[in-house]
Amino acid sequence: MAETQASAALGVLTFGIYLGFSSIAGYVLGSSALRPIRALWTTGYALAGVGSLIIGISYLVDSGLLLFYMGAAALGIATGAVETFEPVLTSYLVRSGDLSGGMGLLSMSRALGLFVSNVIMGVIFTADQLDSYLYACVTAILGAGILALTEHWLHRQKTIASDFRSKASSEP
């Protein structure tokens, strides 16, 4: 919106809204008892898709600032969730002796992913603003879907293992 309005002040305000919601979400979500993988795909990636869609729609219908700022707030909450729960999942998945390397790998993969996705989004944005946010929406929703399927698969594996242990212990 700052690009459309040619206003640096609106850009600073948007960034403030985004970072404010991100920091509040990180604090609140970090204090919660949510399951990390579910929180990551719902409050993180899926909400990022919704926030991107809201911003795209605000460009499409020239809605003004309120809808745009709602999208920025949603993206902030999503970022707070991702920045909270990705390290939590990394700490679950990496042995304690390899934790610093695992966190470093997480940091490297995040930086590389952000670089590539921002370059792609920037190229698309120069052609069409709506399309760039639709790209962001689709990729975020795909990420959420992959994590949802992973959560389902992990739950199924846990159930199968539990059933197997139960049957093995009941046999004479």
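Mentor: The account below turns to the aromatic pairs and then to a neighbouring topic, a serine and its contacts. Please bear in mind that the model is predicted.

The structure contains six aromatic pairs. In one of them, Phe15 and Tyr18, the ring centres are 6.2 Å apart and the planes meet at 20°; an angle under 30 degrees counts as stacked, so this pair is stacked. Both residues belong to helix 2 (residues 8-30), where they are three residues apart, about one turn of the helix. Tyr18 has a relative accessible area of 23% and is therefore partly exposed.

Another pair is formed by Tyr59 and Phe125. Their ring centres lie 6.3 Å apart with the planes at 70°, and because an angle over 60 degrees counts as edge-to-face, the pair is classed that way. This pair links distant parts of the chain, with Tyr59 in helix 3 (residues 36-60) and Phe125 in helix 5 (residues 99-127), 66 residues apart. Tyr59 is buried, at a relative accessible area of 14%, whereas Phe125, at 23%, is partly exposed.

Tyr59 and Phe125 also belong to a cluster, joined through ring pairs, that includes Phe68, Tyr69 and Tyr133. Ser52 is located in helix 3 and is buried, with a relative accessibility of 5%.

Notes
Residues are numbered from 1 along each chain as its sequence is written. This is a predicted model: local features need pLDDT of at least 70, side-chain atom pairs count only at pLDDT 80 or more; totals for chains, interfaces and linings use all residues. Side-chain values use heavy atoms; hydrogens and water are left out. Rings of Phe, Tyr and Trp (its six-membered ring) pair if their centres lie within 6.5 Å; planes under 30 degrees apart count as stacked, over 60 as edge-to-face and the rest as tilted. Helices (H or I, at least four residues) and strands (E, at least two) are DSSP runs, numbered from the N terminus. Buried means under 20% relative accessible area, exposed over 50%, partly exposed in between (1.4 Å probe, protein chains only).
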